[in-house]
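Hi there,

Here is the structure I promised to pass on.

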Amino acid sequence: MNLILLLAYFALIIVAIAGQWKMFEKAGKPGWACIVPIYNIVVLLEIVRKPVWWILLMLIPVVNLVILIIVYIELAKAFGKSGGFAVGLILLSFIFIPILGFGDAQYQYSEVKNAHANDPNVLDS
């Protein structure tokens, strides 16, 4: 029985890592970054366009929960998902992050849009 639970646990971890890997790649970031401690949080903050110094806020008890909720809400927005999906990310991230990675969600903050953001000759469509 313990072996079955251990195998299920490892399978869940592998699916969660693979989903985060694919999510990072969809956002134009290196997938391997999801397995590097601390750096994966830096990359996640870049994906949701929050300042990197927020990682310091994640070291403060209780504040880290608020920051994580904000980051997950912004992550859902970054992939064009609703507030309900953000609640799923907050409560069951090990399920909803692979849904972002393997699903049809597209990263909304493309660099092309940003490249022309301050160009007065380019009109918004």
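Below are my notes on the pocket and the aromatic rings. Please keep in mind that this is a predicted model.

The largest pocket has a volume of about 280 Å³. Its lining is made up of 13 residues, and Q20, N40, Y72, S93 and I97 are the closest to the centre. By residue type, the lining of the largest pocket has ten nonpolar and three polar residues, with no charged ones.

Now to the rings. The count comes to five aromatic pairs. One of them joins Y9 and F10, a tilted pair at 6.1 Å centre to centre with 50° between the planes. F10 has 44% relative accessibility, so it counts as partly exposed.

Another pair is F85 with F96: the ring centres are 5.0 Å apart and the planes stand at 80°, which is over the 60 degrees needed, so the pair is edge-to-face. Because F85 lies in helix α5 (residues 83-91) and F96 in helix α6, this pair ties together parts that are eleven residues apart in sequence.

Finally, have a look at F79, Y107 and Y109, which ring pairs link into a cluster.

Best wishes

Notes:
Residues are numbered from 1 along each chain as its sequence is written. This is a predicted model: local features need pLDDT of at least 70, side-chain atom pairs count only at pLDDT 80 or more; totals for chains, interfaces and linings use all residues. Side-chain values use heavy atoms; hydrogens and water are left out. On a 1 Å grid over the protein atoms alone, a cavity is a set of points where a 1.4 Å probe fits but cannot get out, and a pocket is an open set with protein on both sides within 12 Å along at least five of seven lines; lining residues have an atom within 4 Å of a point. Grid points are joined across faces, edges and corners, and a volume is the space filled by probe spheres set on the points. Ala, Val, Leu, Ile, Met, Phe, Trp, Tyr, Cys and Pro count as nonpolar, Asp, Glu, Lys and Arg as charged, and the others, Gly among them, as polar. Rings of Phe, Tyr and Trp (its six-membered ring) pair if their centres lie within 6.5 Å; planes under 30 degrees apart count as stacked, over 60 as edge-to-face and the rest as tilted. Buried means under 20% relative accessible area, exposed over 50%, partly exposed in between (1.4 Å probe, protein chains only). Helices (H or I, at least four residues) and strands (E, at least two) are DSSP runs, numbered from the N terminus.
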